Amino acid sequence: MTIITKRLMTVSSRCSDLFAWVLLAVLMTVLPLRVSAQRNVWNMPQYMETVRASSFAIGTVHARDTYLSESTYDGASLGFEIDGWTGYEPYRLFSQGRTHSDIYFGLMDNPNGGGSTMEFSSRNYAGFMWHALKYSKYDFLVGPAVMCELGLLYNQQNSNNPVNVEGYVGGGVCVDNTLRFREFGYDMGFQATLYVPLAGMGFAPDYDQPYYYMYKYGEYGKALHFISPFNNIAFTQQIALVLPIRDKRLRVGFTVDGIKNYLGGHSRFMANSMFTIGFGMRYQTKSWE
Amino acid sequence: MMNRGRLNLIFAMAVLITALLPVSCAWNSESPDREFSNTPKGNFMALWTIMDEHYCFFDLKQEKLGVDWNEVKTRYAKSISDEMTDKALFEVLCNMIGELRDGHVNLTSSYDYGRNWSWKTDYPANFSKDLQKKYLGIDYKIIGSGYYYRILDDNIGYLVVESFESATTSGRLNSMFGSMVLCNGLIIDIRDNGGGNLTAAEFLASHFTEETVTVGYSCYKTGPGHNDFSELYKNELSPAKNDIRWIKPVVVLVNRGCFSSANDFAFTMKALENVTLLGDTTGGGGGLPMSSEIPNGWVVRFSSAPTFDADKNHVEFGIAPDIRLDMKDEDLLSEKDTYIEAARRFINDKLVNP
C-alpha cells in the first residue's frame with residue numbers, strides 16, 4: 001500500500017505541477033492573440049436552463065492537524081466534482097445560480113517515514129450570482145454563497161484518537177468568470193471560479209475534548225465555534241479550459257482548495273491541488289416547481 | 001481611448017491573475033504553526049512540548065512524585081546531541097517520559113515500545129495464572145473474548161475477565177446469570193486485566209446495580225496550561241435495561257495488574273452496594289489516553305483526560321481494596337489461591353451473617 005501511495009503521489013504531483021504550468025503558458029500565449037467574436041462554447045445558461053459539468057479529479061493533498069499530530073503529511077488524492085450553472089429569471093438581481101459539490105479521498109504519509117493518514121472531505125457550495133459584466137466573449141458574475149465543508153482525517157498510526165472531524169457551515173462570496181475565445185479554428189472557453197467563506201459555524205473538538213465525552217455527556221456545544229476569516233481561512237479555486245467535442249464540452253481544469261483554521265485550540269491546515277477532467281452538458285429545465 | 005475589447009481583455013487577465021493568486025499561495029504555503037525539525041533536538045523539543053501542553057497529571061505527579069517537568073527538560077536536554085543515533089535518542093526520550101511513571105505514557109518506534117510499568121513491576125504479583133487455570137478447570141464456559149466462568153464447588157460463581165478490549169453481550173451475560181441463579185455469590189477476577197474499552201467495563205458493571213449511581217467524575221484539558229481543565233462531568237452508572245441484574249454478594253479480585261479501564265471497573269464496582277473489592281491496590285491509569293506524533297514519526301501516547309472516583313479523588317495511583325490481602329506462599333505451595341479462597345469465605349460468611 002505504501003509503495004502504491006508513494007507512486008500515486010509522485011505521478012499525481014508531477015501531473016498537477018506540469019498541468020498547471022502548461023495551462024498557464026497556453027493561456028498567457030493564446031489570450032492576447034486571438035480573442036475572437038462571440039462564440040457559444042460556454043454561454044451562460046438562459047432562463048430555465050442548466051449547465052452541469054462532472055469531473056474526475058486526481059492530485060496532491062497536504063495536511064497538518066494538531067489534534068492528531070504535530071507532524072505534516074503529504075500524499076495523493078482522488079475525487080469527483082459536479083459543477084452547475086443555472087439561469088434564473090433575467091429581471092432578478094441574482095439571475096444566475098452557481099453550484100459546486102466535490103468529494104475527495106486522500107492517502108498521506110509523514111515525509112519522515114512516520115505514520116500515514118487518510119483524508120475524506122467534501123465541499124458543497126451554492127452561489128446566487130449577479131451578472132456584473134456581460135459581454136459577447138466574457139461574463140463576470142459575483143454574489144453571495146452558502147457553503148458547507150466537512151473534513152475527516154484518519155490517522156492510521158494513532159490508535160487512541162485516530163479520527164478528527166472538522167467542518168463548517170457558513171456564508172461567503174462566489175466569483176465566476178467565463179471567457180470565450182477562438183484558437184486553432186476551434187471555439188474554446190476559459191473559466192475561473194473562486195469561493196471564499198466569510199462567516200458561519202464551525203465544528204471542532206474543544207482542545208483535547210475526546211469524541212467519547214462528546215457522545216457520553218452530550219457536550220457538542222463546546223465543539224461549535226463561530227468562524228470568520230480571523231480563525232478560519234478557506235477557499236476553493238477552480239480554473240478550467242473548455243473544449244467543444246460534438247454536443248458535449250470537454251472540461252479540463254485545476255482545482256485548489258485550502259483551509260487554515262484555528263478552532264478549539266488546535267490548528268489545521270489542509271490543501272488539495274487537483275487536476276480535473278470531465279464533460280459539461282446543457283439541460284433545459286422543464287419546470288421549477 | 002482604449003477600445004472595449006482590449007479593456008475587457010485587461011479586465012479578464014486581472015481577474016485571472018487575482019483568481020490564480022490563492023492557487024499559488026496554497027501551492028507554496030507552509031504551515032503557519034510551529035514546526036519542530038526532524039533532528040534529535042527537534043524531536044526532543046516536540047515530545048517535551050506535546051507532553052507539556054497535553055498531559056493532564058503534572059500537578060499530581062509533582063505533588064506525589066516530585067516531578068518538575070521544566071527541570072526534567074533541563075536535565076534531559078543535556079543528553080541530546082545532533083550526532084546521537086536513533087536508538088540512543090529513543091532511550092533518552094523514553095527515560096524522560098518514564099519520569100511520569102504513568103502506564104498510559106508510551107513512545108512507539110518501529111523497534112520498541114517505550115514504557116514505565118513500575119506501577120505493576122515494583123509490587124508483588126498476587127496472581128498466578130496456573131492457579132487460576134486450576135480453579136477454572138477444563139469445562140469452564142466462554143462468554144466472550146477474555147470472559148470465562150464456572151460455578152465453584154461451594155456454589156459460588158467465578159467469572160474471570162482477562163481484558164476489557166472487547167465487551168461481552170447481554171445474551172451471554174443473561175445466560176451466565178441464568179446458570180448461576182442458585183449461586184450464593186459471584187467472584188469476579190480481574191487480576192492482571194490491563195484494561196481496554198471503558199464502555200466494555202461500564203457495560204459489565206451495569207449488571208450489578210438496580211438504580212442509577214454516581215460512580216465518579218471526568219474532565220478534559222481545554223488548553224495548554226497545566227491547569228486548563230473543563231468542568232467536572234458526572235459519571236453515572238445506570239442499570240442494564242432488560243437484562244438480568246445480579247443483586248447477590250459480589251467480590252471483585254484486584255491486584256497491581258489492574259490498569260486503565262480495569263481500574264475504572266474497580267472504582268465503579270466499589271461504589272455499588274453489594275460489591276466488595278478484595279486484594280491489592282489496583283495499578284491505576286486514571287487518565288483517558290490520547291496520542292500524537294513527533295517529527296520522526298514516533299508515536300507518543302499520554303493521559304489527557306483525568307478521571308476521579310465518587311469522592312472526586314484522583315484514581316491515577318490506583319484504588320485501594322476494601323479487604324487488603326497478599327498471596328501466601330504456603331497457599332501457593334498447596335495450590336490454593338489465597339484471593340479466591342478468601343473471597344469464598346467472605347461470601348459464605350455473608351450467607352451466615354448477612
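In E3(A), A:Gln96 is the bridge partner of A:Gly87, and the two strands concerned, E2(A) and E3 (residues 94-109) of chain A, pair in the antiparallel sense over 14 bridges. Strands here are DSSP runs of E, at least two residues long, numbered from the N terminus, and two of them pair if DSSP finds at least two bridges between them. A hairpin of six residues joins E2(A) to E3(A).

E3(A) also runs antiparallel to E4 (residues 116-134) of chain A, to which 15 bridges join it; in E4(A), A:Asn124 is the bridge partner of A:Ser101.

## Basis of the model

This is a predicted model, in which local features need pLDDT of at least 70 and side-chain atom pairs count only at pLDDT 80 or more, while totals for chains, interfaces and linings use all residues. Residues are numbered from 1 along each chain as its sequence is written, with chains lettered from A and ligands numbered from 1 in the order in which they are written.

## Strand E1(A)

E1 (residues 49-65) of chain A pairs in the antiparallel sense with E11 (residues 266-284) of chain A over 17 bridges, and A:Ile58 has A:Phe275 in E11(A) as its bridge partner. E1(A) also pairs in the antiparallel sense with E2 (residues 73-87) of chain A, over 14 bridges, where A:Ala53 stands opposite A:Asp83.

Notes:
Helix = DSSP H or I, 4+ residues; strand = E, 2+ residues; numbered from the N terminus.
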